[in-house]
Amino acid sequence: MLPPQQPGHRGALACLRGCGRGVPTPLGGSDRGSAASPRGSGLGAGRPLLSVTRETAGERRHEGRGHLHHPPLRPVRNGRAGAAAAGTARREGRRGGADRWTARAPTCGSGNPRPRRIGVLQKSLAWFPSLQKRFQCNSSSLAVAQDCELSVYLTVKWIVKLEKNPTITHQKMFPVFQYQPLRLITQNSLSSMCLKLTFSRPVAFAQIWKSWFSSHSLLGKKNIILMGPPGAGKTTTGRIVGQKLDCPVIDIDDDVLETTWNMSVSQKLQDVGYEEFLEEEGKALLKFSASGSVISLSGSNPMHAAGMQHIKKNGIVVYLDVPTSVIMSRLKSKQMDRIVGLSPGVSLKDVLQFRKQFYKRWFDIRVLCGRDVAAEVVAEKVLDAVKRYQDSELETFISTRSSRSGRSTEEDSNKFYFSDVVIQGLALDGGLFVPERGLPKFTAEEWQGLIEATYVERAQVILERCIHPADIPASRLAEIIETAYGENFSCSKVAPVRHLAGNQFLLELFHGPTASFKDFALQLMPHLFAYCIPRSCNYLILVATSGDTGSAVLDGFSRLHDTDKQRIALMNFFPEDGVSPIQKSQMIGCQKENAWSVGVKSDFDFCQTAIKQIFTNSDFTGFLTVEYGTALAAANSINWARLLPQIVYHASAYLDLVHQGIISFGSPVDVCIPTGNFGNILAAFYAKMMGIPIRKCICASNENNVLTEFIRTGVYDLRGRKLISSFSPAVDILKSSNLERYLHLIANEDGQLVTQLFNQLENQGHFQLQKDLLGKLQQDLVAGWCSDEDCLAAIHSVYSTTGYILDTHTAVAKVVADRLQDRTCPIIISSTAHYSKFAPAILRALRIAEINQNPLSQLHLLSSYSALPPIHWGLLETLKKTGNGDHQVCAADMSVLMSHIETLIQNHFMKVF
């Protein structure tokens, strides 16, 4: 038996190349189990028998990467360390070894290799005299092949076909070793060896082999298990998939349950009742086994844990995710009233909703199925999804500063995967990581299938497409997302869309625990980080902040599970006198047992520079690794795991407008986003690339308007510019880090050009885009800026007319949207923070003459206005707990900061739990 796939470990994805059970032997026998399929194309229908395995450290197991188009077999890749300091990799499946490839005979039911080898070929020919005359075999090639442990069997069924129809066309030769999938059968070169099966008439053996290997490299001995609610189309889809793969098709209801019970499923349900039916169904599933088949589960199979554990061991579970309204419509049209769990007082919708938790628990792959999608299309989606599941090598990341044409073989072999980029953050060449093959595309039907979904459900679907299950399995990812966007958000909709006025809508991104849009990334990213890092190493996250990031990252990492807190800690450095009283109170109040804030008696520039110097101090980082087994890591805004979650809320906002009937799907919208580091607006552009009909992305700046000038002129110029402190501090940024990702995209991934531009910016303080790139940029982006006075005036105006209070950043976007929108379509304004965080500026905008300097008093005063939205509960509670708060303060000295870091490591990681 092959070991079950270990979730999250690359290299363990088993497609199990080789022949599946049920293939007739040359003597006419069969090694198939008892699970015959009356509807399938027949177990083992005409399959050439060749099984390719690999030997590593004395253990034989099938290689785990199947492809539809004959990729070369190759050993599991050698993994690079997720963090250089740690020197170890999270995914053991990527660790290499001395591998040698052999070709093995197919196994009998006992698992032992069949004893017959080349001799079977000759015996097979002896049974058909008419073929002997047309068949010649190179004996020396057979001998060489035998030395290479190659076993080739010509099945009786194919010989019968040739006997009946000797005019089968196309190839005269059957050059086994000329096919790329078999080139690495041994370490010796076999390029000159060829097993020739020559016929006097053209025979399509090459095509036969190609067809067989194509399907079986995808399936092998594994089963494709289709799961979903009743009415999802599992049976029909299963038949089509089985036909395409030329493999057995088994319907659990018809071929297993009804055969076992000798009665219909509906009759059994009527006889024994709901609970007993589930138990009987589970028992039948436990006795069932199959290999190399397409299996269509019943809608209630996933509700029996033991049965699903049994069947999942040898299969890839594909969840056909159909919107509940579509399922209800289908079941109503079929007049199906015998559904497990349906009873008086329990609606069909409740039953379907209840079952979702079980589907989410078991699936490996999700396939979105819309209302009018044909079964043929769903079947193709299933095959594409299974292929993607097994092609884990393809979803790699590159640096924005890497050159495709100039990359060496060594660089190509040193691939980066999602787990790597989460841990490493910044590429070694100073660039930012981006997906090498781009972001996944959703069809209009797939997006429409998410209109009824909750925010968490939408996040699961979108992120599953962006994170390969070899990095994080779908079931584990679902748990992480549910934790990240659960009770810690004050609004059940997580990111609701509210109508403001006219055709303007607000996307409220402040319902997280620290009242900022940063919560969307930093409630999720710590859990992704915890899953991806090696288990054998401790990690200390270092952060330098001038405001909202500090409290958000502290809160996020403090919510890790207790076992993760024991190996992951965080230290946040901030300018002691360079943040607002509310921001300082938040950072102090968010401290937990594994997350601390340290005030530095200097400015933010010193804090940020000090952190960079600590990371590049190899003596210090090496000492921490050797002495304490602790690696340093960062959670800054350029980390891909910080950017990815932001795509979700932009897509969700559009779907909410469709769900509310404001627009129909396909109608365009504009988005206007207060922009500093370019991450939020880049996420909106990514959502557009994935299929959301966003027309224009409007970049809103304050008086630090370098981005506005760049988008209008193509010139990014920092010469002579000084940062201006404003009422919207989150966009007080001159050098926008994530802009590099966007330029890399529109420059057709020209890493050399990106390197040149940003080196020029670093060395000379400016760069200018070429005209063609500027034209592309201006097709996507529009930009504007507003002053502090305009910002405060907008807050006052909106409150006077609507009773709604904007925060200072949202007010900047509102002013720019008023100036730039053409009012031909709705515009979604990103409300990136709650106004409570900027109480002094808000009170000034509301024209309050005397402002108490105590943050708690300021919030109570704002609360008395009974405005919308109400005062942020999390912020208020944090300030109540903080008071004057206790936190460490240190001098602006590198040695002092390093001493604090070592002391924290000693106190936290050296503690015996």
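A polar contact here is a pair of N or O atoms within 3.5 Å; within protein, one must be able to donate a hydrogen and the other to accept it, and residues adjacent in sequence count only if both atoms are side-chain atoms. The model is predicted: local features need pLDDT of at least 70 and side-chain atom pairs pLDDT 80 or more, while totals for chains, interfaces and linings use all residues. Residues are numbered from 1 along each chain as its sequence is written, and side-chain values use heavy atoms, with hydrogens and water left out.

1. Glutamate 446. A polar atom of this side chain lies 2.9 Å from the backbone nitrogen of threonine 443. Glutamate 446 belongs to helix H16 (residues 444–448); helices (H or I, at least four residues) and strands (E, at least two) are DSSP runs, numbered from the N terminus.

2. Surroundings of glutamate 446. The residue counts as buried because its relative accessibility is 6%; buried means under 20% relative accessible area, exposed over 50% and partly exposed in between, with a 1.4 Å probe and protein chains only. Leaving aside residues up to four places away in sequence, glutamate 446 touches Leu368, Lys381, Lys441 and Arg465 (contact: heavy atoms within 4.5 Å).

3. Helices H32 and H33. The axes of H32 (residues 788–802) and H33 (residues 808–820) come within 8 Å and cross at roughly 90°, so H32 is roughly perpendicular to H33. Axes are lines fitted to C-alpha atoms, for helices over the stretch in contact, and angles run from 0 to 180 degrees between N-to-C directions. Angles under 35 degrees count as roughly parallel, over 145 as roughly antiparallel, 65 to 115 as roughly perpendicular and the rest as oblique.

4. Residues at that crossing. From H32, Asp790, Cys791, Ala794, Ile795 and Val798 meet Thr808, Ala811, Val812, Lys814, Val815 and Arg819 of H33.

5. Strands S13 (residues 497–501) and S14 (residues 504–508) pair in the antiparallel sense over four bridges; pairing requires at least two DSSP bridges between two strands. Alanine 501 stands opposite glutamine 504 in S14. Two residues separate the strands of this hairpin, and glycine 502 in the turn has a positive phi of about 60°.

6. S14 and S24. S14 pairs in the parallel sense with S24 (residues 827–831) over five bridges. Here phenylalanine 505 stands opposite isoleucine 828 in S24.
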